[in-house]
Amino acid sequence: YQGRNTRVWMFEGNLLSGDAESLEALDDSYLGPVIRVRKGQKTRIRFQNQLPEESIVHWHGMHVPEEDDGHPKDVIRNGETYVYEFEIMNRAGTYWFHPHPHGRTGPQVYNGLAGLFIVTDEEEEKLNLPGGEFDLPVVIQDRTIDNRNQLVYLTRGRMERMNGFLGNRIFINGKPDRKLSLKSGCKYRLRILNGSNSRFYKLAWEDGTPLVIIGKDGSLLDSPKSKAYVMLGVAERVDVWLDLTNRSEGSQMTLKSLSFSPGMMGMMGGMRGRDRNNLPLGSTYEILNINIDKTGNNNFELPQRLAEFNKIDPAIAVNRDNPRTFRFFMRRMQWTINGRTWEMTGVTEEETVKLNTTEIWEIANTGSWGMENDRKWMNGRWRRRGRGEQDRNRENMMGGGMQMPHPFHIHHLQFNILERDISGMDSRIWNSVKDGFIDEGWQDTVLLMPGMKVKLIMRFEDFKGLFLYHCHNLEHEDMGMMRNFKIE
Ligand code: C2O
Ligand code: CU
Ligand code: CU
């Protein structure tokens with residue numbers, strides 16, 4: 001790889017037939033090919049596993065049947081092939097693919113396995129958005145490279161795993177030099193994916209130019225939004241409009257991550273002394289340098305209306321008065337969802353929904369499981385636990401007060417964000433990120449800062465089956481912060 005002898009794992013793609021798809025390799029990169037498809041077409045993808053371990057590929061954000069979703073139970077071994085056949089039912093948007101075996105997603109993605117899966121549709125085609133060389137992937141990842149040019153993954157033990165892997169340098173599109181060379185006079189669409197394992201970003205142009213957002217996850221927005229900065233959680237995508245009409249040849253632009261308070265109480269604080277990471281989460285650093293080193297011209301115009309977007313009406317949700325609640329917290333030094341961790345095919349009543357219904361889910365990053373901690377429900381009322389029991393309980397809850405940001409992701413569908421409740425948040429954290437959220441459009445991943453709760457509305461349609469929801473911090477996911485939900 002890159003003449004440095006860095007060992008990576010790669011998706012090597014070949015187009016077998018069909019003219020509706022296209023597949024381009026990202027030059028000189030470990031990342032997988034950029035696959036482009038169109039809504040309504042049927043696609044067949046053969047995944048041949050040549051890794052020394054089990055794997056399966058997941059199409060992140062895509063609305064596909066259970067057998068095409070890349071569930072960890074469908075892993076294949078070295079030498080085996082898995083055939084996916086599905087119709088593209090999603091709206092135009094920037095999706096991606098990555099492996100999803102249980103317990104090994106973090107290392108497999110880290111070793112290089114990820115690629116973009118781009119969907120277009122009729123609505124988008126009418127907009128005449130930048131295409132070809134003006135439609136550019138920007139995949140942001142962080143890696144640590146040792147002095148023999150090899151990738152270094154988790155090495156610092158349990159605490160590092162509980163926080164999630166943080167590399168000490170930024171890679172763009174699988175390369176450490178982080179440069180793009182663009183043309184003065186032209187307009188671009190940058191498809192930014194946070195493909196990192198656990199790092200997330202507060203993206204902004206260094207010179208204060210607003211970021212113009214035209215898409216988020218699985219959709220174009222209804223109209224472009226100007227933002228001073230954007231928070232981009234793991235696995236989230238934003239499509240950015242970049243106008244270089246008034247930028248002269250020879251000038252530069254820099255995309256940075258600005259400082260913010262990640263609010264990792266206790267954990268990172270304790271790490272700091274030993275942690276030699278020179279890119280702490282929430283510090284300021286450069287992401288991407290753009291050299292405007294040629295002149296060109298193109299006539300793409302930023303449309304004032306992008307996509308027809310109607311949020312799902314909360315009145316039609318079957319549980320509108322009583323949303324399902326999923327709380328992210330730590331228990332017995334283990335990240336959990338409602339106190340549970342991964343089971344390969346296990347699914348509870350709380351996680352079972354009906355086909356053709358709409359529901360509201362509340363996802364809460366609470367840091368503890370609440371009242372049950374010191375009280376218990378007995379004979380029809382709350383009772384205080386005895387001293388000994390309280391102490392034992394606290395031990396079980398080890399780490400129960402710890403909080404961390406968690407990016408929530410659900411498979412199989414795109415949701416709308418109804419509200420973000422910040423009443424349980426530390427105001428220092430909130431103030432450092434509050435202008436960076438895009439709560440419009442159709443999304444599949446949402447970043448929950450410590451103490452934050454979000455209400456999502458989603459529809460279960462077309463397919464019954466067993467699908468996943470999880471924290472997309474890949475180390476948390478691998479530790480079991482992932483569960484099944486079932487559509488029946
Ligand atoms: Cu991007 Cu379950 O995954
Ligand atoms: Cu997914
Ligand atoms: Cu998490």
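In what sense do strand β26 (residues 416–421) and β28 pair, and over how many bridges? In this predicted model, the two strands run in the antiparallel sense, and their pairing extends over 5 bridges. Within this pairing, Glu 419 is found opposite Lys 455 of β28.

Strand β28 also pairs with strand β22, which spans residues 357–365, and here too the sense is antiparallel, with 8 bridges between the two strands. Two of the facing positions can be named: Ile 360 stands opposite Ile 457 in β28, and Trp 361 stands opposite Leu 456 in β28. In general terms, the side chains of a regular strand alternate between the two faces of the sheet.

These pairings belong to an open sheet of 5 strands, arranged in the order β20-β19-β22-β28-β26 and with mixed pairing. The edges of the sheet are taken by β20 (334–337) and β26, each of which has a single partner strand, so that one side of each remains without a neighbour in the sheet. When direction is ignored, neighbouring strands of this sheet are turned against each other by 20 degrees on average. Strand β28, which covers residues 453–460, is largely enclosed by the rest of the structure, because 6 of its 8 residues are buried.

Two further positions illustrate contacts between residues that are separated in sequence. When residues up to four places away in sequence are left out, Thr 352 touches Val 347, Lys 486 and Glu 488. Its C-alpha atom is separated by 8.9 Å from that of Asn 484, a residue 132 positions away along the chain.

The other position is Gln 150, which lies in the loop between β8 (135–143) and α3 (158–163). Gln 150 is likewise assigned as partly exposed, because 13 C-beta neighbours are counted inside 10 Å of this residue. With residues up to four places away in sequence again not counted, the residues that Gln 150 touches are Thr 6, Arg 7 and Ile 145. For Arg 7, the separation from Gln 150 amounts to 143 residues in sequence, whereas the distance in space, taken from C-alpha to C-alpha, is 6.4 Å.

Key. Residues numbered from 1 in each chain as written. Chains lettered and ligands numbered in written order. Predicted model: local features only at pLDDT ≥ 70, side-chain atom pairs only at ≥ 80, totals over all residues. Buried ≥ 20, exposed ≤ 12 C-beta atoms within 10 Å, placed from the backbone. Helix = DSSP H or I, 4+ residues; strand = E, 2+ residues; numbered from the N terminus. Pairing = 2+ DSSP bridges. Contact = placed C-beta atoms within 7 Å. Axes fitted to C-alpha atoms, helices over the stretch in contact; angles between N-to-C directions.
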